[in-house]
Amino acid sequence: MKKFLIVSANFIIIFAIIFFVIRYADDKRNESSREQTEYFLASTVAMERVTANYLEGEQHICDTWANTINAYRMTVDEAMTFLTSALTVQGASAQIIFDDDGIYSGFSTEAHKTDPSDRTVSYKGIDIFTDVFSEKMESTTVQVTRTYTNPVNGLQSLAFCRTVTLEVDGTSRKALVLRVLPVSILEKKWVFPNEDYEDAEISIIDSDGSYMIRSSSFKNSNFFEFYRSYNKTDSSGLAGFEQDITTGSGTKTILNSKYEPCLISYTPVLPTNGWTLISYIPESKIRTITIDWFFTAVIFFALILLLILDMAVFLKISRDLRIAAQKAENANKAKTYFLSTMSHDIRTPMNSILGMNEMVLRECRDEEIAAYSEHIRTSGNTLLGLINDILDFSKIEAGKLDILNVEYDLASVLNDLVSMAQNAAEAKGLGFAVNIDRNTPKFLNGDEIRIKQAITNILSNAVKYTKRGMVTFSIGYDDIEGCPDDIMLNVSVEDTGIGIKEEDIDKLFAAFQRVDEVKNRGIEGTGLGITITQSLLNMMGSALDIKSEYGKGSVFSFSLRQHVVKREAVGEYETAFRRSVAERKRYKEKFTAPGAHILVVDDTPVNITVFKSLLKRTGMSIDAAESGEECIRMASLSKYDMIFLDHMMPEKDGIETMGELKRLPDNPNAETPVVCLTANAVSGMREMYLEAGFDDYITKPIDPDALETAILAYLPKNKIMPPEPEKDKDDGAFVIPEFLYHIGEINIPEGIKHCGSAAAYIDTIKVYSETAAANIEEIERFWNNGDIRRTTVKIHALKSTSRIIGADGLGAFAEKLEKAGNAGDTERLADELPRLLSDYRKLTERLAEIEKNGREEELPLISDEELRDAYTAMLGFSDTLDYDSMAHVVDILSGYRIPDRELPRWEKLRNAVVNFDYELIPDILSEGDE
Amino acid sequence: MKRTMKTITAAALTVIMAAGIAGCAEKITQDPGKAGFKPSLDTNAAYTMKVVGHYSNFETLEEEFNRFTEYYPNAVLTYTALDNYSKSGSGILSTALAGSEAPDIFFTYPWIYDWPDGGKIAEASEDLSDPALGIDLSCIRDNLLVRDDDGRILSVPIYTTTYGMLVNENIFEKEGLTVPQTYSELVSVCRELKDKGYAYPIMGYNKGTDLLDPLFDPYFCAQIRADRKALSDLNEMREGAGEYMRSALELAADFMSYGFIDAEECSKLENNYEAVILRFFEGDVPMMFATGNTVSGTQKRESMSEAFTANPFSYSFFPVPSTEEGGYFLNSVSLSFSVNRNSNNLEISNEFMRFLICSDELNSMANGKRMVPPCKDMSLNSVYAPFMDIDAGRTINQSELGLLDTTSSQVSKACWLVCSGVMTVDEAIENFGSLSTE
């Protein structure tokens with residue numbers, strides 16, 4: 001379209017130029033033509049004066065002759081002699097013609113060309129005297145014939161006439177004296193007087209149009225006939241033309257015998273009877289200013305050619321640019337596709353890895369395995385960090401990374417940063433110093449995430465590139481004069497690392513470039529960290545400052561203007577940090593929602609498992625579907641409080657499924673929030689998902705915290721409940737089995753205190769229980785063998801271990817007997833030892849439950865209402881023979897601890913499902929009612 | 001990219017050069033009027049040449065001048081009509097030829113050499129068959145080229161003519177009639193037209209001797225063309241030679257007897273040319289006897305006739321059906337050109353004749369003038385279309401016939417005397433040879 005407009009505009013300009021030039025030239029030509037025409041007419045009129053003078057002169061000669069003849073009453077012979085002597089002009093002749101013989105015969109001073117002796121002349125058949133002798137002619141000054149063929153010499157001639165009276169045989173005879181002039185003589189005289197008109201010609205016609213003098217360009221024997229022959233006209237047009245020509249002066253354009261336009265100007269020759277002098281000139285000769293059409297056409301086509309040439313070049317360049325742009329776009333698309341694919345393909349398994357690992361971390365009792373798992377978590381997060389770096393870089397390049405300022409707690413940010421960096425530093429054996437200005441305002445407004453990201457990058461780099469020594473992380477602030485509500489947050493990270501050469505500092509800011517590549521090849525990273533940091537800081541109005549001494553260390557710092565929300569100092573940061581460190585590994589659900597019913601859709605069963613596991617403690621009922629079709633089917637049957645829908649699925653992907661869900665008639669989930677689960681974390685995805693109708697999206701690997709935050713945001717508020725109160729304040733990570741609380745002989749808090757942690761306590765109980773039988777057997781054996789000392793030692797051990805697990809009563813009993821043993825009080829030992837061992841055995845028997853109930857005890861207890869709902873759902877599925885759904889409900893119930901009173905029924909239900917005895921389920925469910 | 005630029009630049013320059021060359025070429029080779037003509041003189045030299053004749057206007061010749069000057073742009077060619085040119089005895093041509101401004105080319109007619117100054121005219125005429133002149137006479141129909149006793153060809157036919165009748169085709173269409181192809185049809189059609197109210201179903205020239213010539217002359221010539229004795233007797237005006245006219249005279253008398261042609265009405269026409277044409281253009285005359293010379297004036301006069309301009313109609317020139325087999329195409333030379341052998345401009349005059357004497361130019365001249373061209377490769381103006389249907393056996397060349405001018409005059413006079421009722425057929429035959437032709 002643009003191309004067409006440009007080409008059109010160029011053509012219009014060219015045509016406008018040509019039009020203007022032609023119009024201007026045409027105006028000039030017309031103006032010149034008018035002037036020339038007027039001048040030509042003026043010249044014609046002037047020429048008429050000359051002609052009139054000439055004719056009057058010739059007539060005067062003729063009149064003189066006639067007067068002389070009349071005066072001397074000459075005879076014919078005398079007159080002829082006189083006339084012969086009077087002729088002076090070569091070619092001219094004189095004739096005496098009698099008009100009374102009917103044939104106009106007479107005598108000529110010139111002999112007949114074919115007979116030199118013959119001087120007679122006859123005008124028989126040549127009608128030239130009618131007008132001459134007319135009364136009209138008599139009144140004119142000049143009496144001249146039309147052009148005729150002189151019978152004497154065959155020359156086209158005209159004759160000036162005057163009547164004379166001759167003496168013939170004593171009588172008077174009227175005659176005409178003619179002064180005959182060949183037209184050729186006159187034609188030579190009649191040359192257009194103005195040298196400006198070299199091609200002009202002069203003709204003279206009589207009132208009938210017959211030529212007196214005919215110029216070479218005039219054809220025919222009559223001017224009007226000539227006009228009619230070569231100009232389209234009818235009889236009335238011709239009459240008008242004749243009228244114009246013979247009655248006045250003027251100019252006209254006519255066509256000549258070559259059908260070329262010619263200008264004629266005409267004016268009456270006054271002394272004659274109706275003669276008209278006509279000047280003639282081809283228009284092509286009179287137009288001094290003419291448009292050279294050929295030249296104009298050449299210019300025009302040259303301009304067009306130039307335009308076409310320009311357009312061709314323009315189009316060529318345009319096409320090249322378009323192709324280049326297309327290639328760039330394709331490359332960008334390829335990059336985006338690659339990033340998208342990479343993101344998806346890496347983040348999907350990472351979801352499983354980190355999710356499962358999270359579950360391992362949550363549930364593992366083995367410290368060694370937990371340590372391994374922690375390594376997995378760290379490495380996984382590092383890998384995610386690399387991917388995120390690339391994704392962030394892609395977002396920055398695409399201009400789709402936005403700075404979102406929110407209120408944030410600086411202490412929280414510092415917690416996270418120090419936590420991350422300190423672990424990494426400690427792992428490398430580096431010292432890590434934190435230097436926080438305690439007066440720094442705690443509550444600020446800014447992009448917490450990007451600030452944290454920027455600092456994380458430079459902290460990570462500091463740790464990465466420092467082999468020994470320490471890393472110092474400093475935070476301070478400066479007030480901004482005149483802006484009491486803003487501060488300049490000063491951040492610096494100093495290390496004693498390898499340092500950077502002066503010439504390499506700039507390379508830090510180049511994407512994918514790493515300084516000292518060979519030296520640092522063992523250090524993982526994409527080379528994007530500083531580039532991203534710099535970009536983020538630039539976007540936030542700051543810039544990274546680098547001071548470095550090669551081999552000694554570097555200082556990375558920046559100052560960032562932040563709005564202060566509340567002037568509360570960050571204070572004793574270390575205390576808060578230590579506390580947070582202590583609490584760091586505890587997981588505690590943000591909420592519980594036992595009445596909530598959500599649906600998760602993912603084609604990967606492991607992902608579903610991870611998803612369910614992460615939310616297990618929230619008590620929500622979670623249905624799962626492994627395809628879009630299944631999702632639609634389930635969503636059409638049940639009302640869910642939230643739906644988590646995976647994007648990338650075979651057959652029908654999340655967006656298609658979302659579309660169908662929206663179009664589903666009578667959809668019970670029409671208003672249900674739908675959150676997209678995606679491993680695509682590249683820029684632009686958010687917009688795409690929101691546009692597709694999703695309410696939000698969560699990237700994989702799923703961040704448990706983000707997941708719970710999202711649920712909190714979208715789940716109906718009336719279904720959200722606070723988390724279960726912690727029964728073990730000291731170790732929330734481990735749930736103390738419920739039955740332990742029912743054993744009055746043990747003091748659990750005391751036991752945990754002794755053991756250092758709930759986990760250790762549980763482990764200790766397990767060990768206490770497992771070793772009880774052996775201990776009892778040994779004590780009895782030693783006692784029976786009379787080995788009082790060893791018996792006493794074993795009782796001492798029993799005292800200690802019992803007290804460790806909080807079995808204070810048993811411990812006190814054992815202490816009493818220990819004292820008895822040490823005192824050698826065998827009687828007392830004999831009396832009371834069996835009771836001690838009995839108590840010990842009873843306690844361990846009860847504690848042994850921990851082995852079989854330990855896991856179930858960890859599950860959340862299902863509420864009566866939820867259980868009732870589950871049973872109702874199962875009955876419903878039973879009616880519709882939907883065994884899969886029944887099995888699904890059983891799966892869900894397996895994630896809960898069933899109240900003891902319902903355990904028999906639960907066992908039956910579970911067995912029925914396991915054994916595919918679905919038909920028994922209605923009866924099992926109705927048992928309670930009977 | 002560079003290659004594309006070069007291609008575009010080269011194309012642009014080529015177009016510009018082509019445009020330039022085209023512009024120059026226009027000046028060098030301006031559309032030649034005649035493909036076969038090759039100028040033999042210096043085309044840049046100045047020339048003058050004068051043609052004289054009796055035509056007061058000769059546009060078709062002037063068009064030839066224009067075409068010729070495309071080869072010789074500096075040639076000034078003029079045509080001048082001389083008074084009394086075609087009048088035998090005026091001597092104007094011989095006078096002009098002897099004058100100081102003698103013509104270079106002049107009109108001649110087959111009978112001109114019979115004029116009192118015919119000898120002088122012949123003497124002044126160049127032998128156009130002289131191979132040295134390079135005039136290609138082969139394009140002229142052989143029987144139109146007349147050689148004198150010395151075998152010279154002193155004139156070359158430019159126009160030929162024939163007898164026929166102008167037919168107002170609109171009237172025939174309107175009345176549901178077809179143009180007569182036989183004599184009986186002619187009579188029948190005339191009768192029907194008369195009955196339909198056409199006062200003058202057929203008209204002709206005003207001068208008595210010419211009135212029935214279009215019917216009579218072709219028929220008469222057809223009777224004697226194969227009879228050498230008759231021709232000889234007629235030319236010699238031997239006693240009894242008038243008998244050869246009998247059948248023709250009887251035909252004329254028969255046609256006159258029907259009263260379809262009103263001699264008195266015809267005599268009102270001022271002349272046999274413009275007046276006849278304008279009368280025909282009045283639109284109420286279905287048929288008008290005429291010659292090709294009259295037809296030559298029709299085109300120009302269409303616009304001069306107010307009646308024709310107001311109510312134009314279609315017309316053609318048909319052979320007059322004098323027999324039951326149809327009419328004849330009696331072809332005779334109307335106009336020839338001769339070259340003044342004493343001309344001061346002989347070279348350019350001969351060059352002009354070389355240019356003119358060819359089928360293209362002669363056909364062009366004849367078509368423009370509505371005359372019959374003299375060339376073998378004849379192209380007739382559409383108004384002559386009916387003559388194209390006449391077979392060769394009914395085509396007669398008057399020159400070849402050898403009828404002397406004087407004989408022709410006696411025959412014409414006899415015809416008129418019979419038509420006008422002055423004489424009977426027998427009387428006319430009897431008085432053949434002594435009929436006054438004044």
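Hi everyone, thanks for coming. Please keep in mind that what you see is a predicted model.

Let me start with chain B. Its secondary structure comes to 19 helices and 10 strands. Chain B has 438 residues, and 45% of them count as buried. If you take the contacts in chain B between residues at least 6 apart in sequence, 77% of those join residues at least 24 apart.

Now to where the two chains meet. On the chain B side, 37 residues are in contact with 32 residues of chain A. Which elements of chain B give two or more residues to that side? They are α1 (2–28), α2 (59–71), β2 (75–81), α3 (92–98) and α14 (306–310). The largest share comes from α1(B), with seven residues.

Last, let's move over to chain A and look at two helices, α11 (residues 448–464) and α12 (residues 529–539). Their axes come within 9 Å and cross at roughly 150°, and the crossing of α11(A) past α12(A) is left-handed. If you'd like to find the contact on screen, α11(A) brings R450(A), Q453(A), A454(A), N457(A), I458(A), S460(A) and N461(A). From α12(A) come G529(A), I530(A), I532(A), T533(A), L536(A) and L537(A). By class, this contact has six nonpolar, six polar and one charged residues.

That's my tour, and I'm happy to take questions.

Conventions: Residues numbered from 1 in each chain as written. Chains lettered and ligands numbered in written order. Predicted model: local features only at pLDDT ≥ 70, side-chain atom pairs only at ≥ 80, totals over all residues. Helix = DSSP H or I, 4+ residues; strand = E, 2+ residues; numbered from the N terminus. Buried ≥ 20, exposed ≤ 12 C-beta atoms within 10 Å, placed from the backbone. Contact = placed C-beta atoms within 7 Å. Axes fitted to C-alpha atoms, helices over the stretch in contact; angles between N-to-C directions. Left-handed = near helix turned anticlockwise from the far one by under 90°. Nonpolar A, V, L, I, M, F, W, Y, C, P; charged D, E, K, R; others polar.
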